[in-house]
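User: I'd like to learn how to read a model like this one. Can you walk me through it?

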Amino acid sequence: MISNINVRIDKELKEQANLVFESMGLNMSVAVTAFLKRVVADGQIPFTLRVNDALFNQKNLEHLKERIIETEAGEVAEHELLENEENVSAKMLDR
């Protein structure tokens with residue numbers, strides 16, 4: 001029995017992946033099927049998932065911890081949320 005999977009993905013990423021698969025003589029369906037078979041066989045994702053080291057490095061984590069402590073102590077400033085580019089431009093002109 002065959003089943004379909006619908007996935008929303010960035011168009012450029014899809015095109016780049018298709019080029020790699022085509023160079024290997026595969027199509028997207030075969031590549032995804034191979035990925036899923038490996039997940040089932042190994043009981044895990046077949047590669048290591050990592051957070052972005054630049055974002056979650058020790059310095060940034062320490063900064064975040066300090067901000068959490070300040071927030072919990074009530075030592076924070078309230079800011080208006082800028083919802084869109086128009087509001088951002090208007091706020092910048094007000095300064």
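This is a predicted model: local features need pLDDT of at least 70, side-chain atom pairs count only at pLDDT 80 or more; totals for chains, interfaces and linings use all residues.

User: What does the secondary structure of the chain come to?

Analyst: Four helices and zero strands, so in DSSP terms the elements run α-α-α-α from the N terminus on.

User: How far apart are the end C-alpha atoms of H1, and what span should its 13 residues give?

Analyst: At 1.5 Å a residue, H1 should span 18 Å, and its end C-alpha atoms lie 19 Å apart, so the two agree. Now look at the start of H1: a side-chain oxygen of aspartate 10 comes to within 3.1 Å of the backbone nitrogen of glutamate 12. After H1 comes glycine 25, with a positive phi near 80°.

User: And pockets? How do I go about those?

Analyst: The general idea is that rolling a probe the size of a water molecule over the atoms shows where empty space is left. Here, the largest pocket has a volume of about 600 Å³. It is lined by 18 residues, and Ile5, Val7, Met28, Ser29 and Val32 are the closest to its centre.

User: Which element supplies the largest share of that lining?

Analyst: H2, with six residues. Helix H1 (11-23) and helix H2 (28-42) each supply at least two. By type, the lining divides into 11 nonpolar, five polar and two charged residues.

How values were computed
Residues are numbered from 1 along each chain as its sequence is written. Side-chain values use heavy atoms; hydrogens and water are left out. On a 1 Å grid over the protein atoms alone, a cavity is a set of points where a 1.4 Å probe fits but cannot get out, and a pocket is an open set with protein on both sides within 12 Å along at least five of seven lines; lining residues have an atom within 4 Å of a point. Grid points are joined across faces, edges and corners, and a volume is the space filled by probe spheres set on the points. Ala, Val, Leu, Ile, Met, Phe, Trp, Tyr, Cys and Pro count as nonpolar, Asp, Glu, Lys and Arg as charged, and the others, Gly among them, as polar. The expected span of a helix is 1.5 Å times one less than its number of residues. A polar contact is a pair of N or O atoms within 3.5 Å; within protein, one must be able to donate a hydrogen and the other to accept it, and residues adjacent in sequence count only if both atoms are side-chain atoms.
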